[in-house]
Amino acid sequence: MSAIWASSFGPEDLNGMSKNTIAEFLDIEVIEVGDDFLKARMPVTAKTHQPMGVLHGGASVVLAESIGSIAANCCLDNTKEYAVGQEINANHLRPISSGYVYATTTPVHIGRRSHVWRIQIEDEQSKAICESRITMAVMQY
């Protein structure tokens, strides 16, 4: 099976695109590129907590949308088109108060005008924290 990506890149290339964005603010970093998946991590700290001291659901959604958006755009010829989030959902399954969460995104559908990506967020012991799905609209320049 060949890779789904439109070009060759590594985590450092993708992390460079996050400068001065919410992903940088929340310390989200891509850590692995596979033939058909991307994996990122985010620290769970006071910056990502809700008032009860656990990971805020919105922070999980930021992580999910960030990695899903990066993946969708990596499948495109970025001189002609780009992808933007159209809809996202998230099921928060288990609380976490410290450590890292890891998001792995895989394609459900890669079409000419839209993509659908699944994002699984787990803790350091591979326990499910959040299950998310994002639909990306493919736009033309």
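Trainee: Which charged end sits over the ring of Tyr100?

Mentor: Happy to start there, with two notes on the ground rules. This is a predicted model, where local features need pLDDT of at least 70 and side-chain atom pairs count only at pLDDT 80 or more, while totals for chains, interfaces and linings use all residues. Residues are numbered from 1 along each chain as its sequence is written, and side-chain values use heavy atoms, with hydrogens and water left out. A charge sits over a ring if NZ of Lys or CZ of Arg is within 6 Å of the ring centre and within 35 degrees of the ring normal; for Tyr100, at 4.2 Å from the ring centre, that is Arg41.

Trainee: Which residue is the bridge partner of Glu29 in S2?

Mentor: Strands here are DSSP runs (E, at least two residues), numbered from the N terminus. Two strands pair if DSSP finds at least two bridges between them, and S1 (residues 29-33) and S2 run antiparallel with 4 bridges. A hairpin of 4 residues connects S1 to S2. Within S2, Glu29 has as its bridge partner Arg41.

Trainee: How many residues of strand S2 are buried?

Mentor: Buried means under 20% relative accessible area, exposed over 50%, and partly exposed in between (1.4 Å probe, protein chains only). S2 also pairs with strand S4 (residues 99-110), antiparallel over 7 bridges, and Ala40 stands opposite Ala103 in S4. Strand S2 (residues 38-44) is mostly covered, and its buried count is 5 of 7.

Trainee: How many residues apart in sequence are the parts that the pair of Tyr82 and Tyr141 ties together?

Mentor: Rings of Phe, Tyr and Trp (its six-membered ring) pair if their centres lie within 6.5 Å; planes under 30 degrees apart count as stacked, over 60 as edge-to-face and the rest as tilted. The count comes to 4 aromatic pairs, including the tilted one of Tyr82 and Tyr141, with 4.9 Å between centres and 40 degrees between planes. Tyr82 lies in strand S3 (residues 81-92) and Tyr141 in the segment after strand S6 (128-140), so the separation of the joined parts is 59 residues.

Trainee: How many disulfides does a search of the whole structure find?

Mentor: A disulfide is a pair of cysteine sulfur atoms within 2.5 Å. The search of the whole structure finds none; for Cys75, the nearest cysteine sulfur, that of Cys74, is 7.0 Å away. Cys75 is buried, at 16% relative accessible area. The disulfide total is 0.
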